[in-house]
Amino acid sequence: MSKIYFYLYIWLKQHPITVGGMLLAIAITGCNASVKSQPPADTPSVANLIASSPTPASIAPTQSTANTKPPEQQAVQVIRDYYSAIARQDYKQAYSAWDGNGAASKQSFEQFKQGFANTTSVAVEVGKPGKPDPGAGSIYIEIPVTVTAIATNGTPQRFRGSYVLRRVNDVPGSTPKQRRWHLYSAKITPVK
């Protein structure tokens, strides 16, 4: 019997990635089965949510928890909604698109709003999003943009760069709000 253990030990030493992959697959399968078979006791059913919670008109389409668009398209829609809110001068909605209820913008709401005081219109062109990048507990995606703004004096201004958006993974205990894409950071510079 000890000879079998010896050969098993040698094989395990020679194939650590295979063993690690198998253990990871077993763990994920076990977690998925556990999550599927044991829904949280305090989670209302979808039918109850629909019947008892009408969706406010101010929530953008990307805010839907039943969104079936691919993650990249959902993230792109957040950027489009963000600039649409700015164009309408709905700075509260635009500010709330930032992670942490606006905190990720690194500005107070008043500073954020003041940043658009000399802007009469704004439009965004969204480039091809990068691949979603899973992090520890969150998913990140970088999306390139070109922004055209018209100042109150009629001068056009162009900016180019990218936004990184973040959302929490679909894990037990995460809220629908956490599982929505939010602006996480920006690298936008003027184009000359």
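This is a predicted model: local features need pLDDT of at least 70, side-chain atom pairs count only at pLDDT 80 or more; totals for chains, interfaces and linings use all residues.
Residues are numbered from 1 along each chain as its sequence is written, and side-chain values use heavy atoms, with hydrogens and water left out. Local features need pLDDT of at least 70 and side-chain atom pairs count only at pLDDT 80 or more, whereas totals for chains, interfaces and linings use all residues.

Ser-174 counts as buried because its relative accessibility is 11%, buried meaning under 20% relative accessible area with a 1.4 Å probe and protein chains only. The side chain of Ser-174 reaches the backbone oxygen of Val-171 at 2.8 Å. When residues up to four places away in sequence are not counted, Ser-174 touches Val-168, Asn-169 and Arg-179, contact being defined as heavy atoms within 4.5 Å.

A search of the whole structure finds one cavity of 30 Å³ or more, a cavity being a set of points on a 1 Å grid over the protein atoms alone where a 1.4 Å probe fits but cannot get out, with lining residues having an atom within 4 Å of a point. The largest cavity holds about 50 Å³ of space, and its lining consists of Ile-86, Ala-87, Gln-89, Tyr-91, Thr-119, Thr-120, Ser-121 and Val-122. Two or more lining residues come from each of α4 (71–87) and β1 (119–126), and β1 gives the most, with four residues.

How values were computed
Buried means under 20% relative accessible area, exposed over 50%, partly exposed in between (1.4 Å probe, protein chains only). A polar contact is a pair of N or O atoms within 3.5 Å; within protein, one must be able to donate a hydrogen and the other to accept it, and residues adjacent in sequence count only if both atoms are side-chain atoms. On a 1 Å grid over the protein atoms alone, a cavity is a set of points where a 1.4 Å probe fits but cannot get out, and a pocket is an open set with protein on both sides within 12 Å along at least five of seven lines; lining residues have an atom within 4 Å of a point. Grid points are joined across faces, edges and corners, and a volume is the space filled by probe spheres set on the points.
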